[in-house]
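Welcome, and thanks for taking a look at this one.

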Amino acid sequence: MLLAMAAMALAETSENAPFPDKDQLAKGKALYEAAGSCVACHMPNGKGQPGSIPPLAGSEWLESTDRSIAISLRGLAGPIKVNGKRYYSAMPPQLLFNDAELASILTYVNFAWGNQGEVVDASRVARARKELPPNVYTPASITKAFPFQEKALSKRNGPYKPDYDDQLTHVTEPVVYRTFMPGASPAAFAVALPGNHYYCWDAGESRLRYVWSKGGFIKGNQRHWSSNGKPVAQFDGLPYYTARSSLLKPEHAELLAKTDHRAPIYDTTQVDDFPFDIAGVDAKPRFLGVRLIDGFPQFRVRFGAHEIRETIRVDKRDGLATGVVRAFEVEPPAALTLSLTPNALAQLSASVGSIDEAGLLKLDAKQAAAFQVTITEKPDAPVPTSTEGGNR
Amino acid sequence: MTHLTLRSALCLWLFAFGLSGAARTSPTFTVEALPSPPSKFKTQQIDGMDVLPDGRLAVCLPSGEVFFYQPADQSWALFAEGLHNPLGLIALATNELIIAQRPELTRVRDTDGDGRADDFEVVTDQFGMSGNYHEFNFTPVSDGKGGYYFGLGTGSQGDGVRAIVRGAFNDRARAGRMHASTPFRGCIMHHSPEGVTRPFAFGVRTPNGLGTDLKGNLFVTDNQGDWVGSSKLFHIQDGRFYGHAASLVWKDGFEGVPIETPVETLAKMRSRACVVFPHGSMANSPTKVMAIPPEAKVGPFTGQLLVGEMNKARIMRVMLERVGGELQGACVPFFDGSPLRTGCNRMAWAPDGSLYVGHTKHSWAGNRGINHIRWNGEIPFEIQNMEITEDGFHFTFTKPIDVETAKKPETWPFERYYYRYHQSYGSKPFDLVKVPVESVRISEDAKEVTIKLEELRAWHVHQTVVQNLKAADGTPLTNRYIAYTVNRLLSDTPDEPLQTSE
């Protein structure tokens, strides 16, 4: 249905490009969507994956079919910019398809998702397979061999120099950044844990804000500190744990990474979302700093006469990182209530006491001296809609 | 960190450099690049530097990394990482630094002796952050009593505020070009050894460079912009207001909306700069202030101040005197024409009295890397001092001068002007006139020159580009452009004009 509409639109607007053959389109779509094929990386909607796999839907790289053929046949090693955005992963040569199959796939891509390209003939693929130099293309060599038609396009598309964070894919020791994080005060920590779970701890409110695992650590932090300091960190995953924020509503989600507000949604003097409640303490929590223990930050908070310390590590089951363990110490110890935020994406458990349905963990003084809370990401968690992500 | 506004700078520029060409390098100084710290992010920009008690150089980078440099073997070692835009550090011990990063003043320590910091203790975070990019936390300096001063930048109209801001949001200070909508943006802060953090002085815009003189007086530079007609050096004193209106909301007793307050009212409240850096010709974005101690080896300038500058490959030398109870004085370029790069952001004295210069850029004019300036011990031919007299100025030179040239009035082409105090960005010079020299008197040792001007006008910058002057031994004068900010006269100073209009 969508395809037909795209084809009709093309027929009306583009007289030169031949109308794609219906069978070829269907064949191309089937090959594109076959298990382990293009779809595995570029996704059914052709949007790719932010930061790693470039989109095919609306990609300005598709302006040259010869370039598409060349990349498909020889591969493209190294990071590229597509439509102004950066993608880190490499594309291997597609050697499993014969000339007709690759022509069908490329024709499908050229007409899918609103694209308006041209029909690709098998003989064109065959000629390229014979004549192209044998090496895998680099971002520099592909843009040299098949330059972009307009200067504006070549600025938005081509090689880029990857920075440290782009290459931080397998975390082996804790990485601690202080930076601007979405959904936190400007005094935030971003931490990557070995095992590739990540969290944001907010020194402005002295508490953990959220934890995520999928989609990698924050991206483009280098653009934050190497520029004037404006960019807010970005990451692709959806947090599987998000601490409750009483003044944030789901409709605020779109505003949390923006920097151009006239006035804030709230300032930190208006909130009391500190998760600890200790009888007789009505002081505001005060962030004291962090100590590194084997590289893991231990966050220290003054709360009345008490110092609360929190260290977060990954929880491993059968060698797999399944969530995070939050180790707390309270000194001097006191009976307390810790408010956690249950949700559908994670399972909460405690080393002492039990967490009730509302997420409250009530401990006596002896239990409170040192205890752990484990947040386990549910492997079969439903895919949430964009507004279910709480305050991210 | 300001924009170059050509319109206001052009005539001064022509005046300063059009008459007889640019400065030459003094052969008495060598400028050498240091190897760069091995940042894993590959940045070479330097945003803070100080020398450790054992002689190593400590630097912090925009990436949040802190490195120590061992001059003996030219090696670098990583001390800390993960800080948020650190813009200054104080080396307390070989294992302990005080660092100003965006959200805090932080004590960074290595407690287990492995050479890497493991304890990041908040010294103070008792100030706000709207999340606006321009809210920098600048250059901590010791108060000499166990406390610290630091400077909080204002937010820029180039962007807004974040969804969640730290500290009580104050809408009265949100309007205007540069805002101070969370606590104490636009203030010079003091943190006492007892743990009390308070706004110490008010009315700065981009205070990228606190420093003290040898007597412990506190100074800070500010960058041209709204309310700042041209970049300035302020002598910071308790409770004073220095002109940038937004931060007044954080001053006890101020109830109004800063930008709706009549400019005359603000002008009466403000304290003047002890030095105005003429925009374009002298400086566009002055940076760190650092005193020249007796053990420094840059020539006979003990007690004067060095001030860095972003847009030019220049460090300025500032000489101050107390006139009518307040400090005022002159600035002159230093090291001009040398291989020194632009973006002179931070400075530190090496144990041998030589000078380290750290360069930065971010998204503004500037450069990167570290330069090491060494003196060969020969006295450079420079203006050693410029002081006000009843009717002109008294110059002292580092060497006897060529009397024949010096005694000609045309050697000393003076002009004077002022910059307007107003809300809009920068100011062109007003009341810009040439001031004829009435007489020139030269001391017997030919090292001092007394210039009598036809008129010496209070509350005006007076500047000259000394023409064709050589030392008696034939050495040409290296830096000939000097600007003295005359606020007060030695006697009969007229009431301070508001200078909010022509």
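Predicted model: local features only at pLDDT ≥ 70, side-chain atom pairs only at ≥ 80, totals over all residues.

Residues are numbered from 1 along each chain as its sequence is written, chains are lettered from A and ligands numbered from 1 in the order in which they are written, and side-chain values use heavy atoms, with hydrogens and water left out.

**Where chains A and B meet**

- The interface brings 49 residues of chain A into contact with 43 residues of chain B (contact means heavy atoms within 4.5 Å).
- About 3,800 Å² is buried between chain A and chain B, and carbon and sulfur atoms give 53% of this area (buried area is the accessible area, with a 1.4 Å probe, that two parts lose on being put together, summed over both).
- Between the two chains, 25 residue pairs are in polar contact, both residues being at pLDDT 80 or more (a polar contact is a pair of N or O atoms within 3.5 Å; within protein, one must be able to donate a hydrogen and the other to accept it, and residues adjacent in sequence count only if both atoms are side-chain atoms).
- On the side of chain A that touches chain B, β4 (175-179), α9 (221-226), β9 (266-267) and β11 (286-293) of chain A each supply at least two residues (helices, H or I with at least four residues, and strands, E with at least two, are DSSP runs numbered from the N terminus).
- β11(A) gives the largest share of that side, seven residues.
- β11(A) is also joined to strand β9 (residues 119-124) of chain B by three bridges, and the two run antiparallel; here A:V290 stands opposite B:F120.

**Salt bridges**

- Over all chains, the whole structure holds 43 salt bridges (a side-chain nitrogen of Lys or Arg within 4 Å of a carboxyl oxygen of Asp or Glu).
- Three salt bridges are counted between chain A and chain B.
- A:R178 forms a salt bridge with B:E104, with the closest N and O atoms 2.6 Å apart.
- Within chain A, A:R124 forms a salt bridge with A:D66, where the closest N and O atoms are 3.2 Å apart.
- A:R124 lies in helix α6 (residues 122-131) of chain A and A:D66 in helix α4 (residues 65-74) of chain A, so this pair ties together parts that are 58 residues apart in sequence.

**Two open sheets in chain B**

- Four strands of chain B form an open antiparallel sheet in the order β2-β3-β4-β5 (two strands pair if DSSP finds at least two bridges between them).
- β2 (48-51) and β5 (75-80) of chain B stand at the edges with a single partner strand each, so one side of each is left without a neighbour in the sheet.
- β2(B) pairs with strand β3 (residues 57-60) of chain B over four bridges, and B:L57 is the bridge partner of B:V51.
- Another open antiparallel sheet of four strands in chain B has the order β1-β27-β26-β25, with β1 (29-33) and β25 as its edge strands.
- Strands β26 (residues 355-359) and β27 (residues 369-375) of chain B share five bridges, and B:L355 has B:I373 as its bridge partner.

**Backbone details**

- The peptide bond from A:E331 to A:P332 is cis, with omega near -10°, and A:P332 lies in the loop between β14 (320-331) and β15 (336-339) of chain A.
- B:F335, a residue other than glycine, has a positive phi near 65°; B:F335 sits in the loop between β24 (326-334) and β25 (344-349) of chain B.
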